[in-house]
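Here is a short report on one protein structure. Please read it beside the sequence and the coordinates.

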Amino acid sequence: MAKTISGFSKLSKRQKIEWLAANFFENPAEAEQGLLAWHRPDEQQQKIIDGFTENALSNYTLPFSVAPNFMINGKVYAVPMVIEESSVVAAASSAAKFWLDRGGFHAEVLGTVKLGQVHFRWVGKPERLRQIFPELKAHLIATSAELTANMQQRGGGLLDLELLDLTQLEPDYYQLRASFDTCDSMGANFINSVLERFGDQLEFFIETTNQLTDQERDVEVLMCILSNYTPNCLVRAWVECPEAELEDLARDAGLPGHAAVDRICTAVRIATIDPYRATTHNKGIFNGIDAVILATGNDFRAVEACGHTYAARDGQYRSLSRARVENGVFRFELEIPLPIGTVGGLTALHPLAKQALELLGNPSAKELMMIVAAVGLAQNFAAVRSLVTTGIQQGHMKMHLTNILNHLGATEAEAEAAQAHFCRETVSFSAVRGFLEAARKF
Ligand code: MEV
């Protein structure tokens, strides 16, 4: 059987599906049906989705959900979320409601600087390069002006350009580090285009300037690419209220007085000192963040990569959130870099991403940063609150029960009976199967 092929991308979608079905599936007809079943009936819509990647065969569906009641800086949002984990939206919604009654979420953008690098090798005395850098910089700015003009008109563009001498770490290795403001766009294509122009013009300048000798004219540009680590594209979100207003947290969990708040603060401190816990703690934050990032057509890999590097910025991976009680006031906060956009890229192309942004009132990139951070914080609050009170499985398995029931083909009446039964019982796959088998015997 032919498991390899050349020219696959040139085949039509139907031919690709037929070839895959014939070579990789036990039942080719069923496989073809399976892939084709998820196609949009509207040809035009399908064409848009197919255009996102090479070799698109079908559509992979995830639920587009919403978490209502998010009050952020006094404005109420219903936040769109795309995620497969059953309890995430429920947890975000419950935390949003909880804080709605306690002043809502607060958020501020601390910076919007994005970064890019030109990595190059040059042989010579570093001070010679430093000497010519002001002129080189002016040349790079001038020769990239046509690329940056538009962004500059929108209030952004190139902010600064530095020369970094890294020859102590790698022989002859330097960097041009450029900082940008990309306004409401994520700006990856803009930044990379400008960086590639810098790379070309760096070579041109070094090879032609009369300030260098013939031996100094050799420059090797290795890579021109944005950095996904943008510690100064930063947002802070927080909730706060008098500790006394949180007593019901303890009461609901059968704990005395301020015990729940004390346990939440301790749990967050543990995530600050222990990387094993920090990773799970931050994963909970990204449950919320990624879901909004996906719904709004942003790049969740960029956001994840950046957030995790930021979490390790002092050399140890730590919690992205902090919690404390000061003068009787509980404050829970999240600080996270979020390099995202609300124009360009998929935001306008993907029909549901477009609708997600409309649902949020077509926010600016800064406003979206605050919304996303608030959802990350809500998710973290909900997870830690459950962990230190009831335990996480109660909520998780309650939500997962629906998946198990669907998997076992439960009827509506059976599902209703199971929901009632498992209010009091521990949910597991075998327990639910046992329950259905017993019910079906009657
Ligand atoms: C599960 O997806 C996320 C949690 O593990 C987060 C946490 O432990 O803080 C519940």
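## Cavity

β4 (114-122), α7 (188-208) and β7 (219-227) each give at least two residues to the lining of the largest cavity. Helices (H or I, at least four residues) and strands (E, at least two) are DSSP runs, numbered from the N terminus. The lining consists of K114, L115, M186, A188, I191, L226, S227, N228, T230 and P339. By class, six are nonpolar, three polar and one charged. Here Ala, Val, Leu, Ile, Met, Phe, Trp, Tyr, Cys and Pro count as nonpolar; Asp, Glu, Lys and Arg as charged; the others, Gly among them, as polar.

The volume of the largest cavity is about 50 Å³. The count is one cavity of 30 Å³ or more. On a 1 Å grid over the protein atoms alone, a cavity is a set of points where a 1.4 Å probe fits but cannot get out; a pocket is an open set with protein on both sides within 12 Å along at least five of seven lines; lining residues have an atom within 4 Å of a point. Grid points are joined across faces, edges and corners, and a volume is the space filled by probe spheres set on the points.

## Model and numbering

This is a predicted model: local features need pLDDT of at least 70, side-chain atom pairs count only at pLDDT 80 or more, and totals for chains, interfaces and linings use all residues. Residues are numbered from 1 along each chain as its sequence is written, and side-chain values use heavy atoms, with hydrogens and water left out.

## Largest pocket

The largest pocket has a volume of about 1400 Å³. Its lining holds 38 residues. F52, L294, G297, L346 and H350 lie nearest the centre. The lining divides into 19 nonpolar, 16 polar and three charged residues.

Several helices supply at least two lining residues each: α3 (43-50), α7, α10 (275-295), α11 (300-311), α12 (346-349) and α13.

## Salt bridges

The count is 21 salt bridges, each a side-chain nitrogen of Lys or Arg within 4 Å of a carboxyl oxygen of Asp or Glu. D248 pairs with R102, the closest N and O atoms being 3.1 Å apart. D248 lies in helix α8 (residues 247-252) and R102 in the loop between α4 (88-100) and β3 (106-109), so the pair ties together parts 146 residues apart in sequence. R102 is buried at 14% relative accessibility, while D248 is partly exposed at 24%. Buried means under 20% relative accessible area, exposed over 50%, partly exposed in between (1.4 Å probe, protein chains only).

E216 and R128 form another bridge, with closest N and O atoms 2.7 Å apart. This pair also links distant parts of the chain: E216 sits in the loop between α7 and β7, R128 in helix α5 (residues 126-143), 88 residues away. E216 is buried at 11%; R128 is partly exposed at 22%. D299 bridges to R301 at 3.4 Å. A network of salt bridges links E108, R236, E240, R322, R331, E333 and E335.

## Nonpolar surface patch

F64, V66, L352 and L359 make a nonpolar surface patch of about 310 Å². β1 (64-72) and α13 (351-359) give two or more residues each. L359, in helix α13, is partly exposed at 41% relative accessibility. Patches are made of residues with over 30% relative accessible area and no salt bridge: like charges are joined within 9 Å, nonpolar side chains (Val, Leu, Ile, Met, Phe, Trp, Tyr) within 5 Å. Accessible areas come from the Shrake-Rupley method with a 1.4 Å probe; for residues, only the protein chains shown count as cover.
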